[in-house]
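Let's take a friendly walk through this model, from the chain as a whole to its neighbours. Have the sequence and the 3D view at hand.

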There are 2 protein chains.
Amino acid sequence: MELRHLRYFCAVADWKGFNRAATALRVSQSAISDQIFDLEREMGVTLINRSRQRFNLTPTGEIFLEDARRILADADRAVDRARRSARGDIGSLRIAFLVWGASSFLPGVIREFRQLHPGVHLSVREMLPNEQSEALTQGSLDVGFTRPLQPPYAGRLRSEILYNDPFLAVLPREHPRVRSSLDLRDLANESFVLCERDISPVLFDRIISMCGRAGFAPRIVQTSNVFSSVLALVEAGEGITLIPSSLRHVRVSDLAFCPVNDPEGTIELVMAWSEERASKPLENFLEFVRDRREIIRGSLDPSPR
Amino acid sequence: MELRHLRYFCAVADWKGFNRAATALRVSQSAISDQIFDLEREMGVTLINRSRQRFNLTPTGEIFLEDARRILADADRAVDRARRSARGDIGSLRIAFLVWGASSFLPGVIREFRQLHPGVHLSVREMLPNEQSEALTQGSLDVGFTRPLQPPYAGRLRSEILYNDPFLAVLPREHPRVRSSLDLRDLANESFVLCERDISPVLFDRIISMCGRAGFAPRIVQTSNVFSSVLALVEAGEGITLIPSSLRHVRVSDLAFCPVNDPEGTIELVMAWSEERASKPLENFLEFVRDRREIIRGSLDPSPR
DNA sequence: ACGGACCAATCGGTAAAACCGATAAAATAG
DNA sequence: CTATTTTATCGGTTTTACCGATTGGTCCGT
């Protein structure tokens, strides 16, 4: 059975006759007759009362007509949905982000994109950088806001820098080294509290190399798996730390945030995705974020609150 | 787009590859390739990621796959429903009856048939004989329990006698002519109350011809459009009447029901339908009623209650 | 990095089908 | 009863679905 059979049958029912259906479908009457006959033969059922009075379907024909109409409508709808999907009007996007890197601007972006593309279902969750890379590669994630990609993912995934974040030194407010701007070498002898390397390897390594450029290897006395604990430890006097400046909006009362004098001492936040499984909704989203890059940077304005 | 395209596409998705799908469908790989290409070209959409890594659908393909699967399942279900309909397992029957002729046995018949064929929807309503004939001819009724068919319907419709009902004379209980059995000629000088001829022409005419055989034309002093009123009028002393004996179960207190001595003085209740629009559920129903004809006759047992 | 294995696209040829035009048979309308 | 309409049927034609073989490409193991 093919959709053609259903189309012909519905036309015959609609136009109440083989001839009129043939005219409407722009085919010959014998073509209709053949196809209806094939349909009936294949189903082993009589759909149309022939050789009797005017024209009518059998009760079985009436029942099948309902189904046939629905199937044809469904097929049309399916094609339409596929086309809309290809245009990016419908679909789904799974988005991941770093709590400490992207939560300041992402909610606004999501909200506006949702209004622009109401048919696209967005799911958002927090994931660590390595988790994001893995999920993007496996296809369980569509786009991630994360730190710069590392091998082996860097080759297989694509990414774009959204903004470049200078580092801040975080010291207890009463610490003697607190300045409006300080050289990293002044902190060479301090104790350091850092986030575990697994949480964000790029961030960790960037801090180490920064200190290296300043001529020392930081003495790490404590690590934690969440930034909030790191800051709490600094506040408790365990040591000092370095953070990307976008994290200063979680300011804690008794901490001082001092810009570091190192033009190379920055870390990027990137938007990453897998080109291999690009979809139109994804492309739309990427383009949407690109268009808002300046606004996003503005929202991270370095003026301390 | 044809169902074949959907079948091939689903197979490709199921087997995750053109070659495996071709093997499963017992066609060549190139046939699959051609058809998928046609499908994509017609829809103007890419469904499958080619020339990239292992195998996967595009997001649009995923969406279309859901729809395609549903449509194919729907098509199978439609064919199955048509076949079951042709077997009489599903469908609908519109049944009409005479309140004064069939309501005694019909409820039981309906109930049992419903249990036997739970997929067949039964709708039952009361209709006058002429209404039934007209509705059967037009196709708005499937089967009727009515009086013998008259021209012009008798030729176009089919009917079977269910039972043959002798007449009873109905007289006021204190009427001098009340006997356990009486000759119609004894009632020649009585006043008659009858149902209007339009209500049941066959019944009316049968009464007239019965009286004719007894040698007189009944003097009709009143008519009514419902039997209950006729009986009420008899009770009120307006006259006497003749009714089919199956109506005696609506016995009224102050009336006497006397068998009439006329072996030809009977009226049939028939089951009527249109052969032109026969359906399997209808055939099943007709056969079911035929099988129960003796039981129905028994339920009309003439022993007065 | 190189060769073998697997996979999908492509091409010309073939066989099946859908389709057509004409005609016949049946039914209805006038 | 005739004229018209309607569907079934029958070759003939065209379309197209399908096949086999080949090519280009990707993925694997060595």
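## Ground rules

This is a predicted model, in which local features need pLDDT of at least 70 and side-chain atom pairs count only at pLDDT 80 or more, while totals for chains, interfaces and linings use all residues. Residues are numbered from 1 along each chain as its sequence is written, and chains are lettered from A and ligands numbered from 1 in the order in which they are written.

## Chain A as a whole

Chain A holds 12 helices and 11 strands, where helices (H or I, at least four residues) and strands (E, at least two) are DSSP runs numbered from the N terminus. Its C-alpha atoms fill a box of roughly 105 × 35 × 30 Å along the principal axes. The radius of gyration of chain A is 32 Å, whereas a compact globule of 305 residues would come out near 19 Å; this radius is taken over C-alpha atoms, and the globule rule is 2.2 Å times the number of residues to the power 0.38.

Of the 305 residues of chain A, 37% are buried. Here a residue is buried if 20 or more other C-beta atoms lie within 10 Å of its own, exposed if 12 or fewer, and partly exposed in between, with C-beta atoms placed from the backbone. Among contacts in chain A with a separation of 6 or more, 73% join residues 24 or more positions apart; two residues are in contact if their C-beta atoms, placed from the backbone, lie within 7 Å.

## How the two chains pair

Where do chains A and B meet? On the chain B side, 31 residues are in contact with 32 residues of chain A. Two or more of these chain B residues come from each of α1 (3–15) and α4 (59–87), and α4(B) gives the largest share, with 16 residues. By class, this side of chain B has 14 nonpolar, 8 polar and 9 charged residues. Ala, Val, Leu, Ile, Met, Phe, Trp, Tyr, Cys and Pro count as nonpolar, Asp, Glu, Lys and Arg as charged, and the others, Gly among them, as polar.

## Around the DNA strands

Which residues come nearest to DNA strand C? Of the 20 around it, they are Val27(A), Ser28(A), Ser30(A), Phe18(B) and Ser30(B); a residue is near a strand or molecule if its C-beta atom, placed from the backbone, lies within 6 Å of it. At least two residues each come from α3 (29–43) of chain A and from α2 (18–25) and α3 (29–43) of chain B. This surface has 5 nonpolar, 10 polar and 5 charged residues.

DNA strand D also has 20 residues around it, with Phe18(A), Ser30(A), Val27(B), Ser28(B) and Ser30(B) nearest. Here α2 (18–25) and α3 of chain A, together with α3 of chain B, each give two or more residues. The classes are 5 nonpolar, 10 polar and 5 charged.

## Two loop residues to look at

Most residues other than glycine have a negative phi. Lys16(A), though, has a positive phi near 55°. Lys16(A) sits in the loop between α1 (3–15) and α2 of chain A and is exposed, with 12 other C-beta atoms within 10 Å.

Arg26(A) also has a positive phi, about 60°, without being a glycine. Arg26(A) belongs to the loop between α2 and α3 of chain A and is exposed, with 6 other C-beta atoms within 10 Å.
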